[in-house]
Amino acid sequence: MSGSRISKVPRYCETIAFKGFKISWAGPFYDDVCFGSEDGRLKFTTPGGVELGGTDRSVSDSKEAVNGLATIGYSQAVSTRSDVTFMWNQFVPRGSKKSATLHSGTHGVIGTQRGYFIAPMGELGLMVVEAKDKSRQDVFVSNDRESPFYFYRTIALPTADYNDVLVSAVRSGGIVAGELSVDARSLRASTIAPDGIDVVDICGLSNSLATAALGRNGTLMLFQDILSDTEPRSLKFSSIEGVAYRLMCARGHIFVLTSKGFYVLANLAKKFLEGQIHDRNAMQIVSMKMSAVDANVFKNEFVYIVNDESSVYRIDLSEVENDISNIDQKEEAQVSLAYVRRSNSLQSKRKMLQPT
Amino acid sequence: MTDAEEFSVFDQADFLDISNSKGDLFGILRDEDGELRIIGCWLEQLAKFPFTRKGTPWHGYPCWLLSREAPKNRKKGAPTKKIFQKLKDKGVITEQQRKRFANGGDA
């Protein structure tokens with residue numbers, strides 16, 4: 001391993017740090033791992049930690065902290081709180097290199113199977129940009145014109161007919177879910193608003209429309225089908241402390257990152273999908289106290305957690321799984337929430353990307 | 001937010017001089033558990049008091065973390081990351097909260 005330092009720090013965690021590189025984001029980059037810095041640079045390693053190089057300068061005009069990165073084919077999008085930078089052929093030895101910038105900040109960026117970059121832009125709405133390199137690159141920003149939502153996190157769920165179902169955490173507005181139209185200019189969506197819950201994150205539970213959502217107070221909401229489920233399961237565990245930041249799922253487990261720690265809810269997604277969640281649920285929870293900022297799952301094998309020391313904890317999920325049967329901590333949880341489902345039509349406004 | 005709470009946000013920002021180059025002040029409010037409170041209807045956690053001349057009352061409002069469309073290298077509305085660093089250096093927020101703000105997330 002060159003340049004990166006890996007040493008054992010809390011249980012299950014290895015620390016990854018780079019000299020002169022304050023990590024703000026870590027996640028997948030094709031088959032490798034990407035680290036974004038607080039000044040907008042990128043660094044790449046293999047999953048094993050071998051450095052593959054990176055960018056000497058910020059990829060964004062703003063030089064703000066990287067808070068998201070997505071790839072579709074030879075296109076990449078890097079987001080910060082001030083802009084989104086789109087790049088074509090930047091990291092491959094082919095074609096002409098090109099980039100463009102949207103000078104509006106987002107809370108992250110994702111790529112969809114139909115080939116669109118999607119970014120939650122707060123009260124402005126949901127950004128949609130086709131990843132294909134075109135002479136004229138249109139940006140569509142969608143929101144409900146009558147009562148706009150605050151788009152904070154978005155995921156794309158794949159469907160069998162190759163459509164994109166977009167699901168967004170819209171904070172006190174709840175969850176907005178709908179299929180992206182054929183021309184990608186509108187979203188016929190429905191809103192699921194759990195009473196009194198500030199929804200901060202969502203994640204898919206499998207290759208279907210099963211979805212989990214996370215409230216700022218740690219409440220979990222589980223949907224068998226996010227487009228039609230009117231009676232999701234709501235769970236809250238007293239051992240999950242702090243302000244909830246992130247929600248992830250891999251290998252049938254659900255992961256929650258809060259201001260106080262990282263929690264593995266062992267086999268919760270698996271049990272829920274198999275219909276084994278009942279009124280009283282004794283859950284095995286692995287708790288790791290830490291002061292973290294963000295996290296992402298890598299290929300169902302690792303979770304990369306950005307901590308407040310500007311380094312990253314890498315957790316090998318197979319190591320955690322080996323210990324799950326030995327965990328004594330079992331906790332029962334169940335809350336009852338009222339949900340309201342409404343239909344919305346999100347209309348888009350067109351913007352233009354600025355070539356850089 | 002009560003008037004007293006609003007004054008406390010301003011007083012702390014003023015006392016610790018959490019200001020940018022224009023003289024605008026920035027502050028936060030904590031809840032009983034010590035967590036940062038949400039103070040705006042768009043879930044903002046940071047308050048901004050734009051600079052006013054001596055003798056003129058200050059007015060504050062919740063401040064977005066995301067910048068909006070603006071000419072190159074000019075951020076519209078959102079505080080610079082120097083403000084987050086200042087808040088941390090003066091002990092108003094933790095390093096974890098500074099990094100969350102710098103990423104555009106709430107803390």
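In the predicted model, S234(A) is found in strand β22 (residues 233-235) of chain A, where strands are DSSP runs of E of at least two residues and helices are runs of H or I of at least four, both numbered from the N terminus. Residues are numbered from 1 along each chain as its sequence is written, while chains are lettered from A and ligands numbered from 1 in the order in which they are written. As the model is a predicted one, local features need pLDDT of at least 70 and side-chain atom pairs count only at pLDDT 80 or more, whereas totals for chains, interfaces and linings use all residues.

S234(A) is buried, with 20 other C-beta atoms within 10 Å; a residue is classed as buried at 20 or more such atoms within 10 Å of its own C-beta, as exposed at 12 or fewer, and as partly exposed in between, with C-beta atoms placed from the backbone. Leaving aside residues up to four places away in sequence, S234(A) touches T219(A), M221(A), V335(A), S336(A) and L337(A), a contact being defined by C-beta atoms, placed from the backbone, that lie within 7 Å. The C-alpha atoms of S234(A) and F140(A), which are 94 residues apart along the chain, are separated by 34 Å.

Chain A as a whole contains two helices and 32 strands, and buried residues account for 53% of its 356 residues. Of the contacts in chain A between residues at least 6 apart in sequence, 50% join residues at least 24 apart.

One open sheet of chain A is formed by four strands in the order β3-β4-β5-β6, with antiparallel pairing, two strands being paired if DSSP finds at least two bridges between them. Strands β3 (23-29) and β6 (51-54) of chain A stand at the edges with a single partner strand each, so one side of each is left without a neighbour in the sheet. Within chain A, β4 (residues 32-37) is joined to the antiparallel β5 (residues 42-45) by four bridges, and V33(A) stands opposite T45(A) in β5(A).

The contact between the chains takes 25 residues from chain A and 23 residues from chain B.

Conventions:
Two residues are in contact if their C-beta atoms, placed from the backbone, lie within 7 Å.
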